[in-house]
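Welcome! Here is a short briefing to read alongside the sequence and the 3D view.

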Amino acid sequence: MATKVHVGMETEINGNGVPEKVSNNWKKRIHDFSGKMKRFPGWLCRTIWKVGRDDPRRMIHAFKVGLSLTLVSLLYLMEPLFKGIGQNAIWAVMTVVVVLEFTAGATLCKGLNRGLGTVLAGSLAFFIEFIATKSGKVFRAVFIGAAVFLIGTAATYMRFFPYIKKNYDYGVVIFLLTFNLITVSSYRVENVLKIAHDRFYTIVIGCAICLFMSLLVFPIWSGEDLHNSTVAKLEGLAKSIEACVNEYFDDSDTKEKQDRSSEDPIYKGYKAVLDSKSTDETLALYASWEPRHSRHCYRFPWQQYVRVGAVLRQFGYTVVALHGCLQTEIQTPRSVRALFKDPSIQLAGEVSKALMELANSIRNRRHCSPEILSDHLHEALQDLNTAIKSQPRLFLGSNNNQATNMLALAAAHAARQKPEKDHGVSLSSVKTDSSALMEWKTKRVSEQTKENERKILRPQLSKIAITSLEFSEALPFAAFASLLVEIVARLDNVIEEVEELGRIACYKEFNPDDEIIVTCEKPPVDVARSQLASHAASD
């Protein structure tokens, strides 16, 4: 073995002249890669199963897309169809790939936008071509260039209009594409009219196949997704509130509560509500394009569903703050919490029960129960108020000297630290480069150590000073109780919007005998959000 590198650094060289460390790294990488390749089939199978299990409609949609592409490929595979359409059949394939979406409303929106944009662009292009042919070749080129500039500028500027952006943005893009293809091609191609006709027919064929698959073959409705997601959000908030209050008064001492991830049932319940704004608006837009497809859809109050979602997000912000009380640095002792446990749990249970009643009323398309705000809710509020008033000392406190003592302790500690801070390091007048480097590193490490100590000291002194105050023991619970009362106050807004939804949608009257309690095991909110994200990426 030969050992030859820079001074102060040594490594072994193998017989091939390659450093041993580099060789070991490559062996490790190859070993890791082979391990990943062995695990890849199992990971792929688990992913395929999980995606289909989360929403079986994904598998149905995949088969619909495959069948649509097979049907549109017949334009190439069947000789009579290919002779009639020719190479322009590729436009039908492109139309199926672009237009066929997960829900019927999304397919209708994109299909009608594509058809409308194609018709308008073709008509305008033929009109400009008719004018251009009456002039000379030079003037014709100038006229076509000016028309492309003006139409392109105007159409692009129109995309910034809010109404156009929301409803017809894809149609404007198709309009620009088709107009430029026909107009510019007409300058060099003689029989551009026939090419435009063939492309229009193939686009119509592609759109017709997409609409047939979306509306008649196991249709997936955006309106139903929006309806079900609203039910799931109400149920998620109900479960979050009840779980949050139960955990706050839980007697078990577990540290795992501090490091919860997305598996936390409290977080999982309100996360779908906070992230639902764009999903609700998009589903409402697609639902507005859908035809009346069942006996429940004689009215389409989709914008009211969006308003209900907005109220639920405002309601959810309070639930987030309530959840934050479980993770604060200063916590009320469990002995103090126990004094208010029963009325708080009862109040949370009544709020959750009201939210579940709202969810069931929307699911079953009936009005809410007249007794949704029962006397038990008011009794729980009164009991919590009485329990708080019975412990005035916990919230007022009387020991004022402890805070002064803590501040004095902090000042004394800072005074002891000051001489150390002012103490400098004297250097000798003559030093070698290596000694100066070593001393500079030692000084820098000591300064970093002192800085870290100061960073740790400040929050520790803050916690000591805060916890020394007698009334601070009850302050965290005071915040928790105020948020719980705020949730009850905001519950009225949710009930009003749900009742308005029932009035606009003509829900049936409440009948206690027909009440059916059904729970939604797999809310479609995340499913709809993932589908909309994939659609946005494809656009």
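Not counting residues up to four places away in sequence, Thr-318 touches Leu-483, Glu-486, Ile-487 and Arg-490, where contact means heavy atoms within 4.5 Å. This is a predicted model, in which local features need pLDDT of at least 70 and side-chain atom pairs count only at pLDDT 80 or more, while totals for chains, interfaces and linings use all residues. Residues are numbered from 1 along each chain as its sequence is written, and side-chain values use heavy atoms, leaving out hydrogens and water.

- Thr-318 lies in helix 13; helices here are DSSP runs of H or I with at least four residues, strands are runs of E with at least two, and both are numbered from the N terminus.
- With a relative accessible area of 5%, Thr-318 is buried (buried means under 20% relative accessible area, exposed over 50% and partly exposed in between, with a 1.4 Å probe and protein chains only).
- Ser-68 belongs to helix 2, residues 57–77, and counts as buried at 0% relative accessibility.
- Leaving aside neighbours within four places in sequence, Ser-68 is in contact with Val-96, Leu-100, Ile-209 and Met-213.
- Ser-68 and Gly-206 are 138 residues apart along the chain, and their C-alpha atoms are separated by 8.6 Å.

**The chain as a whole**

- The protein chain has 21 helices and zero strands.
- Of its 539 residues, 35% are buried.
- Among contacts with a separation of 6 or more, 82% join residues 24 or more positions apart.

**Nonpolar cores**

- The largest nonpolar core has 58 residues; such a core is a set of buried Ala, Val, Leu, Ile, Met, Phe, Trp, Tyr and Cys residues joined through side-chain atoms within 4.5 Å.
- Phe-315, Leu-355, Leu-358 and Phe-480 have the most contacts inside this core.
- At least two residues of this core come from each of helix 10 (222–248), helix 11, helix 12 (277–289), helix 13, helix 15 (341–363), helix 16 (375–389) and helix 20 (475–504).
- Helix 20 gives the largest share, twelve residues.
- Beyond its neighbours within four places in sequence, Leu-355 is in contact with Leu-234, Leu-237, Ala-238, Ile-241, Phe-315 and Leu-491.
- Another core, of 13 residues, lies apart from it and includes Ala-125, Ile-164, Val-172 and Leu-176.

**How helices pack**

- Two packed helices are described by the angle between their axes and the distance between the axes.
- Helix 11 (residues 265–274) and helix 13 (residues 302–324) pack at about 150 degrees, with their axes 9 Å apart; axes are lines fitted to C-alpha atoms, for helices over the stretch in contact, and angles run from 0 to 180 degrees between N-to-C directions.
- Helix 11 and helix 13 are therefore roughly antiparallel to each other (angles over 145 degrees count as roughly antiparallel, under 35 as roughly parallel, 65 to 115 as roughly perpendicular and the rest as oblique).
- Residues making this contact include Tyr-267 and Tyr-270 of helix 11, and Gly-316 and Tyr-317 of helix 13.
- By class, the contact of helix 11 with helix 13 has nine nonpolar, two polar and one charged residues; Ala, Val, Leu, Ile, Met, Phe, Trp, Tyr, Cys and Pro count as nonpolar, Asp, Glu, Lys and Arg as charged, and the others, Gly among them, as polar.
- Helix 5 (residues 104–132) and helix 8 (residues 169–185) pack at an angle of about 35 degrees, with their axes 7 Å apart.
- The contact of helix 5 with helix 8 has eleven nonpolar, seven polar and three charged residues.
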